[in-house]
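Below are my notes, in the order I looked things up.

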Amino acid sequence: MTVTGIGGLFFRSRDPEARLAWYQRHLGVGDGPYGMWAQQSGDTVFAPFPADSDYFAADQPFMLNLRVDALDELVARLEADGIAVERRDEWDAAGLGRFARIHDPEGLPIELWEPAGE
């Protein structure tokens, strides 16, 4: 017997309804009953970072990484909606993919990952 995937991500929020609505509107995440969302199969990275890592803000306990397709189109749509998007050449890696980063309304960093070959 083994774990077959992540069954949910539960986190505290100052305004759960507004935060969920933001994820639904901008990322298409959590638009089913109880915030469910059917994902495509693919790799999920499970990687604890050192406590002093500067890969994401020290005041955040975790960063959400979401697999996406058509990263450039998603970035353009997010920017058109007034969401700041950060991209850095050093984040992209041949054979791994391309990355962009946004923050949700409560400051949680969200890494958008277009895997190589998408």
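Predicted model: local features only at pLDDT ≥ 70, side-chain atom pairs only at ≥ 80, totals over all residues.

Before I name any helix: helices here are DSSP runs of H or I with at least four residues, numbered from the N terminus. With that settled, I noted that α1 is followed by G28, whose phi is positive, near 70°.

**Entry 1: helix α1**

I started with the length of α1. With twelve residues at 1.5 Å a residue, α1 should span 16 Å, and its end C-alpha atoms are 16 Å apart, which agrees.

Next I asked which residues of α1 are buried. I found R19, W22, Y23, H26 and L27. Looking down the axis of α1, I saw these buried residues fall within an arc of 95°, so they line one face of the helix. A reminder to myself: an α-helix has 3.6 residues a turn, so residues three or four places apart point the same way.

I then turned to the other side of α1, where E17 and R25 are exposed.

What do the buried residues of α1 pack against? I listed β1 (64-67), α2, β2 (97-103) and β3 (109-115).

**Entry 2: helix α2**

**Entry 3: how the two helices meet**

Two packed helices are described by the angle between their axes and the distance between the axes. I looked up both. The axes of α1 (residues 16-27) and α2 (residues 71-80) come within 10 Å and cross at roughly 130°.

Which residues make the contact? On the α1 side I have R25, H26 and L27, and they meet L74, R77 and L78 of α2. Sorted by class, the contact of α1 with α2 has three nonpolar, one polar and two charged residues.

I picked H103, which lies in strand β2. Its relative accessibility is 40%, so I logged H103 as partly exposed. Leaving aside neighbours within four places in sequence, H103 is in contact with W22, L108 and P109. I recalled W22 from my list of buried residues in α1. I also checked H103 against A84: they are 19 residues apart along the chain, and their C-alpha atoms are separated by 7.9 Å.

F62 came next, in the loop between α1 and β1. At 27% relative accessibility, F62 counts as partly exposed. Setting aside neighbours within four places in sequence, I found F62 in contact with L9, F11, F56, L108 and P109. F62 and L108 are 46 residues apart in sequence, yet 7.9 Å apart in space, C-alpha to C-alpha.

**Entry 4: positive phi outside glycine**

Then I went looking at backbone angles. Y34 has a phi near 60°, a positive value in a residue other than glycine. I placed Y34 in the loop between α1 and β1. Is Y34 buried or exposed? Its relative accessibility is 81%, so Y34 counts as exposed.

A70 also has a positive phi, about 55°, although it is not a glycine. A70 lies in the loop between β1 and α2, and with a relative accessible area of 31% I put A70 down as partly exposed.

**Entry 5: D72**

Last stop, D72, found in helix α2. Its relative accessible area is 42%, so D72 is partly exposed. Not counting residues up to four places away in sequence, D72 touches R87 and R98. I also looked up D72 against G5: 67 residues apart along the chain, with their C-alpha atoms separated by 28 Å.

Key: Residues numbered from 1 in each chain as written. Heavy atoms only, no water. Axes fitted to C-alpha atoms, helices over the stretch in contact; angles between N-to-C directions. Helix = DSSP H or I, 4+ residues; strand = E, 2+ residues; numbered from the N terminus. Contact = heavy atoms within 4.5 Å. Nonpolar A, V, L, I, M, F, W, Y, C, P; charged D, E, K, R; others polar. Expected span 1.5 Å × (residues − 1). Buried < 20%, exposed > 50% of the residue type's maximum accessible area, 1.4 Å probe, protein only. Arc of directions from axis to C-beta.
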